[in-house]
Amino acid sequence: MIVHLNDELLPAPAARVGVFDRGFLFGDGVYEGVRVFDGVPMAVDRHVRRMAEGLAEARIPWDASRLPGIAEDLCRANGLRDAFMYVQVTRGEPGPGEPVRARTLREAAAPTVFAFATEQPPLETYAAPPTIRLASAADTRWARGHLKSISLLGNVLAAYDARDAGGDEVLMHRDGFVTEACASNLILVLGGRPVTPALDGVSILHGVTRARCLELDAAIEERPVPIEAIADASEIILVGTTSIVTAAVSLDGRTVGDGTPGPVARRLLDRVLQDCRAQITGVATASATTAAPTPASVA
């Protein structure tokens, strides 16, 4: 595998990060994941904006507009057309004279930028939402859930709790309200209407696929979701960059709906896939237009 490290494309075994890098010592950094279909990064403007906001809040200086170029370079270097690209930016290593365990640095360090891409199924393989089993657990993570931090120990422990309970993923809740899954946002169908936890109600990530679903389906309502409401959910849907749209067929061993992907999950998947196809077509059209000679340049 060829990876990106600080503006270089290298074989993964040759990539090296210093032991005093703050990402290693503190989990001091942010990350982003971008899905690529047919060589085109999906919803890339949203990913760039979210990462730029996270970097600004974390006070790490790096230009997030470089995301699409890194994704394209990695896919080209690894011969990938359909992929998931992960990039993380840490605060870097302390400079000379800086204490290596200081919580703050006197002077800004050069960020460490690392990225890789892995092969994923092509668009045409998504005929129906994949299914998973959910387990519920208290959300014990920090209160800045909107920040896509690389400090994911809380998510890792929640995933282990779900596995121990026989689940593939976890539905988390805090202070009596549903928050999100370990690696996805949640949409529940309550009383026939799709509902997703509001961003200003609980500390959750403002997911790119969640935002796309809200734009593509006006029926989705944003509001606080009490934990007791999940007992009446006819569908529990997970949406994320890697999983796209996934249907939970059980929660804590209880069947959700009829145990198969429901009509809202199928509708959302269809609309997100249509949106992906439109982005691919738009890029192809733009490229063809750019490449076409103007009348003045034709010999």
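Predicted model: local features only at pLDDT ≥ 70, side-chain atom pairs only at ≥ 80, totals over all residues.
A hairpin of 3 residues joins β13 to β14. Residues are numbered from 1 along each chain as its sequence is written, and side-chain values use heavy atoms, with hydrogens and water left out.

**Around β14**

A word on names: helices (H or I, at least four residues) and strands (E, at least two) are DSSP runs, numbered from the N terminus. Two strands pair if DSSP finds at least two bridges between them. Strand β14 is mostly covered, with 8 of its 8 residues buried; buried means under 20% relative accessible area, exposed over 50%, and partly exposed in between, using a 1.4 Å probe and protein chains only. The pairings of β14 are set out here.

| Pair | Sense | Bridges | Residues standing opposite |
|---|---|---|---|
| β7 (residues 131-138) and β14 | parallel | 4 bridges | Arg133 and Ser250 |
| β13 (residues 235-240) and β14 | antiparallel | 5 bridges | Ile237 and Ala247 |
| β14 and β15 | antiparallel | 2 bridges | Leu251 and Arg254 |

Strands β14 and β15 also form a hairpin, with 2 residues between them. Asp252 is found in this loop, between β14 (244-251) and β15 (254-255). Its phi is near 55°, a positive value in a residue other than glycine. At 47% relative accessibility, Asp252 counts as partly exposed.

**The open sheet**

Elsewhere, 6 strands form an open sheet in the order β2-β1-β6-β5-β3-β4, with antiparallel pairing. Strands β2 and β4 stand at the edges, each with a single partner strand, so one side of each is left without a neighbour in the sheet.

Ile2 stands opposite Pro11 in β2. These two strands form a hairpin with 2 residues between them, and Asn6 in the turn has a positive phi of about 50°.

Helix α2 lies across β3, β4 and β5 (83-90), running at about 175° to β3. Axes here are lines fitted to C-alpha atoms, for helices over the stretch in contact, and angles run from 0 to 180 degrees between N-to-C directions.

The axes of helix α2 (residues 44-58) and helix α5 (residues 208-216) come within 10 Å and cross at roughly 130°. The two helices are therefore oblique to each other; angles under 35 degrees count as roughly parallel, over 145 as roughly antiparallel, 65 to 115 as roughly perpendicular and the rest as oblique. Arg46, His47 and Arg50 of α2 make the contact with Val208, Ala211, Arg212 and Glu215 of α5, where contact means heavy atoms within 4.5 Å. These contact residues divide into 2 nonpolar, 1 polar and 4 charged. In that grouping, Ala, Val, Leu, Ile, Met, Phe, Trp, Tyr, Cys and Pro count as nonpolar, Asp, Glu, Lys and Arg as charged, and the others, Gly among them, as polar.
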